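Please look over the sequence and the structure, and then read the points below.

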Amino acid sequence: MTAARTDDGVELDDPGREAAAVPPLGAALFLWPVVVWLALRAGDPRAAAGAVLVGLALLAGLALRGGAPGRARSLLPALVFVALTLATGSERFLFAQPVVVNLAIAGAFGWSLRPGATPLCEKIARRIAELPPGGAAHCRAFTWAWFLFASANAAVSAWLAAHGSTDLW
């Protein structure tokens, strides 16, 4: 019997261990704006960065304990924003996380559109069912739509992080 491994190739004693010990990073990214908003309401940007840093440290610890060092490394962009906030005292860096998330999504969809690659939406669709005639072309167009949406969302998020009202957060 072959041992289960994480995305990083780390062997797991128990295949369910990683899933049980590591909260989904998607949930952490979803909670990012809530934590930032609550912390900013309670004090200065450095206090907000400190609160976020504690949460990131807990997530990294759970990821490492769950045998998923890759998931711990995926928190590095957030740590960069926290460090910049702590160094400068500007809350604008805390507002940049949605930019990174949307750029990552745009990158995944865009990378799959390069010549010779299978578009991401087609990969997903083929896991679910057999594609009808013309399905591959539809999936390519849908992948373009997701790429453009995520790119536009990143641009709007970047503008709001730089120029938007902190009260809107």
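A residue is called buried when its relative accessible area is under 20%, and exposed when that area is over 50%. Buried residues make up 30% of the 169 residues in this protein. The model is a predicted one.

**Overall architecture**
- The protein contains eight helices and zero strands.
- Read from the N terminus, its elements follow the order α-α-α-α-α-α-α-α.
- Of the contacts with a separation of 6 or more, 62% join residues 24 or more positions apart.
- The accessible surface amounts to about 10,200 Å², and carbon and sulfur atoms account for 68% of this area.

**Nonpolar cores**
- The largest nonpolar core has 18 residues, of which Trp32, Val36, Val52, Leu56, Val82 and Leu94 touch the most other members.
- Two or more residues of this core are supplied by each of helix H2 (25-42), helix H3 (45-65) and helix H5 (76-88).
- H3 provides the largest share, seven residues.
- Another core lies apart from this one and comprises five residues, including Phe109, Cys121, Ala125 and Cys139.

- Beyond its neighbours within four places in sequence, Leu56 is in contact with Trp32, Leu75, Ala78, Leu79 and Val82.
- Leu59 belongs to helix H3.
- Leu59 has a relative accessibility of 16% and therefore counts as buried, the cut-off being under 20%.
- Leu59 and Arg71 are 12 residues apart along the chain, and their C-alpha atoms are separated by 8.9 Å.

Notes. Residues numbered from 1 in each chain as written. Predicted model: local features only at pLDDT ≥ 70, side-chain atom pairs only at ≥ 80, totals over all residues. Heavy atoms only, no water. Core = buried A, V, L, I, M, F, W, Y, C linked by side-chain atoms within 4.5 Å. Buried < 20%, exposed > 50% of the residue type's maximum accessible area, 1.4 Å probe, protein only. Helix = DSSP H or I, 4+ residues; strand = E, 2+ residues; numbered from the N terminus. Contact = heavy atoms within 4.5 Å. Areas by Shrake-Rupley, 256 points an atom, 1.4 Å probe, with all protein chains shown as cover.
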